[in-house]
Structures are given as C-alpha cells and as structure tokens.
Amino acid sequence: MNKIIKDQLKKLKPSATLQINEECNRLKKIGKKIYKFGFGQSPFPVPDSVILALRNNANKNMYLPMQGLEELRATIAKDLNKNNNNQFESEDIIVGPGTKELMFLTQIAFDGDILLPAPSWVSYEPQAFIAKNKVHWIKTSSNTNWFPTGKQIEDKIKNIKYKNLLLIINSPNNPSGTVCKNLKEIAAIAKKYNLVILSDEIYSKLTFDKNYLSISNFYPERTIVSTGLSKWCGAGGWRLGFFGIPKELNELKKSLKILCSESFSSVSAPVQYAAIEAYKGNHSEYLNRVIKILSFTGDYVYKNLKSNVINIAKPEGGFYIFPEFTNAKFSTSSEMCKDILNKTGVALLPGSDFGLENDQMVARLSYTDFDGAIFLKNTLGSNKLDNEDIKKNAPNIVDGIAALKEWSNSL
Ligand SMILES: Cc1ncc(COP(=O)(O)O)c(C=O)c1O
C-alpha cells in the first residue's frame, strides 16, 4: 500500500490531554466520579461587554487584513506598552487564530535551534519537531521555582555549536503555576548570545499579585511578546492571540506575515471586533474577581495538598500547580497518573509530558473543575473568600484534593 503520512510525523504521539480524556470517558461510562484536573482552560465566562461586541459584529462577513484590524492592533500595542516598558506600534502586532498557531509558524520560519526550560507547555516541542528544529532542554527544579537560572542557560548554550537560538520563557508558567523572578538575569544571557526570546505571556493578566513584569523590559530588542484572549478573557474557543514583534526582528515578522497569509488568511472578523472591546474596555473589576477566585482556589489546593511527602511550589498565576509525590514509586509519572486516576478518579497530566524525566514523580494539576459563572455570581461583593466559598462553589476541588492527599498517604 502507498504510504500517505510522512515518516517524520508518524513519530508524533497523540497528545497527553487526549489520552487522559479518553481514559476519563471510559471511567465515567462505568459510573466512576471523575475530578477533571487534567485539562486546562478558563472556567469563567467572557465579560458581558465583550460578548455584546461579538453579537453586534456578527454581520462582519468580509476577510480582514491578514495582520489584523488596524484599530485592534493599535489597541493591543497600547495595552502591551501600558503594562510594560514596550514601545510597540500597531505595525509591530500580528493577530492570529490563537498564539499556538503564531508560535507554530514562528518555528517554521526560524532558522536555528530551540531552547526549552523543562518543564514547558506541551506544544512547544512537537511544534519544533514538525518544523524540524532541534530542541535543547534546560533542566530546572522546584528549588528555582521551575525556571532556569542564567548559568543553566549559559552552560547549555556553550554546548551548542550552531548558536542561532530561540528561547521560550513562559511566565506565569504552565505547568508549574509559578512566576519567573530572574528575568533580568535571563535577559542578560540572552543579550550576550543574541538569542531571540519568545515570551509566552498568555497568563500575564492572571498574575496573582497583579504586578506582571515582562522579560521584554530587559531585552526589548529581540523579545517577541505573545499573548491573547484565551485565558484572561475566558475565550479560548474564540481563537484570538497576537504577537508584539520588535523592529529588530522585522525580517522574522515579514516572513511570519507571509506564512500567515498562506495559512489562515485572517482571524474571524466578528472576533477581531469583539477583541477591540476586550482590550479597550475597562475589565479590571472582572479581572479582580477572577484573580481573587483563582488565587484563593490555588492557595486552597496548595495548603491542603502540601505535606511531608508532597512538595509543591506556591501558585503565583494562571490555574495550575505542579505537585511532586516524593514517596511515589512508579516507573514513570505516566504510570503514577494512571494509578491516581483509577484509584481516586483524579485526572492529572504527567510531568513527562512537559519535558521532565519519566521517573520524576511530578504531575500537573489544573484547579479549574468548577463553574466559573456560578462562582463569580455567588461571590459578587465579597472582599475576601474563605473555605466555605470553595466548599460551596468548587466542591470537586475540595473532594478531589482530599482524595489525592489520601492516595499519597496510602503509598
Ligand atoms: C503556556 C501556553 N501557551 C499558549 C497556549 C495557547 O494559547 P492560544 O489559545 O492563544 O493558542 C496555551 C494554552 O493552553 C498555554 O497554556
């Protein structure tokens, strides 16, 4: 029979999330209660005014400029510059159907190798693989808040012959939930070796202390800022993300624009108009309430899970936590997650999916298994949340965490 798939692509595994979802569905079918801590998406509804803007623009049916609407790009540039010391203009912004697609096309365009801290988000490595870029993993640990030190990055670079490198930094981080504290040090190494940095800031507006600092402050000339609507606005399914690309990387921007126009053409017109409202309107009240719920829930999970056999870094943004089960004796973290799922119904993703060694007993826990609309409604006007709010609005978090803790104590 004729071969229809390229050999290179046959090596790609089905995503871990897919596998865990299939197993969850199987267990659900036989009547088991499942705690959905494996999948990571915002549980909150899109702000009302943004939904209204989408509705009001449903009649916009023409293709828009490939790079994105001028008004949207100008609004985005202003937002990026307001929160950090960037100097983006509308022409420096590219709007895409989610940042994932823009990252993918960047990997296609980039002529060099990719530096990835371990742990890293699940899609960077497969994207590099498809684009035939070599990946160099930089090991980190909970001692450095799961981010690489400048020295670790430099030691890695010294061992790489071809030094055209793209470093991906993602803070607040998926999977660890931590915020990078040594951005300045990393930026100094990046400058020394003329790296391109892709700063994945998709969780930036969900930083719990609200003082988000971008690495672009310290290395503006070659840092691409990547973010979008998916996480802070609860709009992952709308598919709108963007890059801010500094002038020094204009050659890359030019190439990306061509790749964009030859692939997705332009982002959905009504969604782009709605995104103008998302970035122009004042959503601080919505965001404050969302952050209050996420930070309280993260803290609840942290305090109730942490023990002398479970190591965890305190969550600082986004909606993940990355516990290490120090007394677990499985051959792989994947085996451990299967055991947890079968015995407790708690679905987690193994640390190996994020670039950790197979035998590191670490897993990602997403604490979003609740109805965000109800949680928001029930806590409207509350200045401070307490455990009663969690019990009432996020019972799966309470029960799932208790079951997980019991599992770890039984090992
Ligand atoms: C770290 C990280 N980067 C990027 C993305 C992709 O976001 P988008 O919806 O903009 O494609 C995700 C989504 O899960 C993510 O967790």
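Residues are classed here as nonpolar (Ala, Val, Leu, Ile, Met, Phe, Trp, Tyr, Cys and Pro), charged (Asp, Glu, Lys and Arg) or polar (the others, Gly among them). The structure is a predicted model, in which local features need pLDDT of at least 70, side-chain atom pairs count only at pLDDT 80 or more, and totals for chains, interfaces and linings use all residues. Residues are numbered from 1 along each chain as its sequence is written.

The domain assignment, which is automatic or taken from a database, divides the chain into domain 1 (7-45 + 284-409) and domain 2 (49-280). Their centres, taken over C-alpha atoms, are separated by 25 Å. Domain 1 contributes 30 residues to the contact and domain 2 contributes 29, two residues being in contact if their C-beta atoms, placed from the backbone, lie within 7 Å. On the side of domain 1 that touches domain 2, α11 (284-305) and β10 each supply at least two residues, and α11 gives the most, with 5; helices (H or I, at least four residues) and strands (E, at least two) are DSSP runs numbered from the N terminus. This side has 14 nonpolar, 12 polar and 4 charged residues.

Strand β10 also belongs to an open, antiparallel sheet of 3 strands in the order β10-β14-β13, where pairing requires at least two bridges found by DSSP. Because β10 (320-321) and β13 (349-350) each have a single partner strand, one side of each is left without a neighbour in the sheet. Strand β13 pairs with β14 (residues 363-366) over 2 bridges, and Leu349 stands opposite Arg364 in β14.
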